[in-house]
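Open your viewer and get ready to pick residues one by one.

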Amino acid sequence: MKKILLLLAIATVLFAFQEQTKKERTYESQKVALHGGKVWTSSKVSKDGKPEQVSIVLDDATLNSVPKGQPSDHFSHANNLMIPVRSESGSPFQFVMVNWNSSGHEPDSIYGLPHFDFHFYTSAEADVMNYMDSVKLNKLPSSDYVPANHVAVHPLPMMGNHFIDVTSSELHGAKFTQTFIYGSYDSKVVFYEPMITLDFLKNIKNFERAIPQPAKFQQAGYYPTKLKVSRHDGVTEIILSGFEKQQAS
């Protein structure tokens with residue numbers, strides 16, 4: 001009888017453990033200082049292990065303390081962070097490069113407003129720091145691997161080439177608030193980049209848009225289809241979500 005009771009107790013514990021592991025899980029990186037606030041990444045995974053969202057999180061102190069009007073520098077430590085994405089995320093993203101542009105960047109007539117560049121990289125930070133070869137910076141992926149209407153416009157060392165959507169509203173007379181960019185190096189797509197103004201982040205509570213999708217993917221895995229911005233509980237999240245499984249082709 002004691003053996004039966006012991007087996008039942010063990011089975012109960014195992015069942016409870018299995019149920020616990022099936023719950024949605026959240027994984028966060030360490031919090032990193034940016035001016036007067038903190039920034040970190042957060043990943044949510046479904047009970048089945050599918051990525052639900054990967055986000056960069058900025059607290060209100062960050063948005064209220066970043067300087068404006070200073071010369072922008074893509075490589076200064078004070079305005080640029082490398083924050084890992086937890087490996088448990090189930091997504092292809094390995095880290096997020098956060099760039100604060102206090103006076104925007106070129107072309108100034110369009111992107112000259114204070115804004116953040118959020119580069120979600122599928123490659124490792126050490127690799128990105130070696131993206132220095134000018135030939136590889138300009139070696140583009142096949143057009144099937146970037147969305148339609150996206151044109152390579154700006155290769156930058158230690159970042160990659162930038163593909164901008166020529167149908168974006170800010171390129172047709174509208175004030176720049178947010179846009180979405182793809183990036184490559186050595187013919188491979190290596191980052192997804194929401195680019196968002198400080199004013200938009202401080203004044204929007206909830207925002208959602210579709211992420212333009214390529215016809216093909218170079219590596220199999222789960223890829224996001226939506227960009228969201230959510231302000232709540234003293235933080236702002238820039239979220240990649242709507243992950244769908246893709247095959248390499």
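Start by selecting H115: leaving aside residues up to four places away in sequence, H115 touches N99, W100, N101, G104, H105, F176, M195, I196, T197 and L198, where contact means heavy atoms within 4.5 Å. This is a predicted model, in which local features need pLDDT of at least 70, side-chain atom pairs count only at pLDDT 80 or more, and totals for chains, interfaces and linings use all residues. Residues are numbered from 1 along each chain as its sequence is written, and side-chain values use heavy atoms, with hydrogens and water left out.

Is H115 buried or exposed? H115 is buried, at a relative accessible area of 0% (buried means under 20%, exposed over 50%, partly exposed in between, with a 1.4 Å probe and protein chains only). Now show L113: its backbone oxygen lies 2.8 Å from a polar atom of the H115 side chain.

Next, colour strand β7, residues 115-121, which holds H115; strands are DSSP runs of E, at least two residues, numbered from the N terminus. Widen the view to the open sheet of 7 antiparallel strands, ordered β5-β6-β7-β11-β10-β9-β8. At its edges are β5 (80-84) and β8 (150-152), each pairing on one side only; strands pair if DSSP finds at least two bridges between them.

Zoom in on β5, which 5 bridges join to β6 (residues 95-101). Pick L81 there, and you will find its bridge partner V98 in β6.

Methods
Helices (H or I, at least four residues) and strands (E, at least two) are DSSP runs, numbered from the N terminus. A polar contact is a pair of N or O atoms within 3.5 Å; within protein, one must be able to donate a hydrogen and the other to accept it, and residues adjacent in sequence count only if both atoms are side-chain atoms.
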